[in-house]
Amino acid sequence: MFVDTDNKLIWKNGSFEKWNDSNVHILSHTLHYGTGVFEGVRAYQAMDKSAIFRLDDHTKRLFNAASKISIKIPFSQEELNKAQCETLIKNNLDEGYLRPIVYLGNEGLGLRAKDLSVNVAIAAWEWPSYMDPDAKKRGISVIKSSHKQYESSLHSGNKIIGTYFSNTMALHEALDKGADEAIMMDKNGYISEGSGENIFIVKDNTIFTPTTEHCLNGITRQSVIQIAIDLGFEVVEKNLDYADLSEADEAFFTGTAVEITPITKLDNKVINTGLRGDITFQLQEKFQAILSGHDTAYESWLTYTT
């Protein structure tokens, strides 16, 4: 739940407005047709300062996604980078979650999304943990979802608003069945991703992850692949099926919200010993050192707000 909204501000189209006063017209094209893009970005306290993780990469992806659906953002990438830093500062947040969103206006309604205003907003709020904090150690349970991943190449590498309805249904199904998350399959029956996370498995000390043909090429995913290679592990991108996950030595999710979270149970059956694996732990330790600013080899991944 959001907290202290009376004192929070949202950046919209170049200026700040009160959180509780911010609104979108009921006839906004994006509300009806999903024509918009968004990002999920995290800020951390690093070396007693506030730092945004891979800010440039997130903003570049926002612009790339907008171009895929013919939306021209009326700000530069540099302006939106600065606005995200300012949003954290204005809301007195050293750590938190940032949500930039680009949406079309209400000047007309219909499938023809021409001559409509393009609006940009950025909100920021506290985000201590998406999962139970203990989940980083004990792991989470997942089920194979009956909802397949969105069957469009637009989903790979793009956070487009209208492509996420299947993900929501998959997560709800998992929660209703007592699991923490869902595993979504692609149209060919291979593992795609979680409802909002990328997935990795470990087998015989090799790390495997699905190709990005039918899943989001997440920025945390890209980061973990680089970290794993730097640590000396082999990382293989390939089609993975259900048996690969059920018979894995280790499995984990990656994402802006979950960071690196172990998967220890699949459809009520434990994966291997049902405990977090050693490779997962090594990646978690390295990732936290990077986020906290203690690993200077990756300092280019952090943008300090002041």
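Relative accessible area, calculated with a 1.4 Å probe on protein chains only, defines a residue as buried when under 20%, exposed when over 50%, and partly exposed in between. The structure is a predicted model, in which local features need pLDDT of at least 70, side-chain atom pairs count only at pLDDT 80 or more, and totals for chains, interfaces and linings use all residues. Residues are numbered from 1 along each chain as its sequence is written, and side-chain values rest on heavy atoms, with hydrogens and water left out.

M47 adopts a phi of about 55 degrees and lies in the loop connecting β4 (41-46) with β5 (49-53), where strands (E, at least two residues) and helices (H or I, at least four) are DSSP runs numbered from the N terminus. With a relative accessibility of 46%, M47 counts as partly exposed. For N268, phi is about 70 degrees, and this residue is placed in the loop between β15 (259-266) and β16 (269-270). N268 counts as exposed, its relative accessibility being 69%.

The packing of helix α2 (residues 55-68) against helix α3 (residues 77-90) was then examined. The two helices pack at an angle of about 125 degrees, and their axes are 10 Å apart; axes are lines fitted to C-alpha atoms, for helices over the stretch in contact, and angles run from 0 to 180 degrees between N-to-C directions. The angle therefore makes α2 oblique to α3, since angles under 35 degrees count as roughly parallel, over 145 as roughly antiparallel, 65 to 115 as roughly perpendicular, and the rest as oblique. Contact (heavy atoms within 4.5 Å) is made by L55, D56, T59, K60, L62 and F63 of α2 together with Q77, L80, N81, Q84 and C85 of α3. These residues divide into 5 nonpolar, 4 polar and 2 charged, where Ala, Val, Leu, Ile, Met, Phe, Trp, Tyr, Cys and Pro count as nonpolar, Asp, Glu, Lys and Arg as charged, and the others, Gly among them, as polar.

Helix α2 also contains H58. This histidine has a relative accessibility of 2% and so counts as buried. When neighbours within four places in sequence are left aside, H58 is in contact with E39, G40, V41, F53, I219 and T256.

C85 counts as buried at 11% relative accessibility, as does C215 at 1%. A search of the whole structure finds 0 disulfides, a disulfide being a pair of cysteine sulfur atoms within 2.5 Å.
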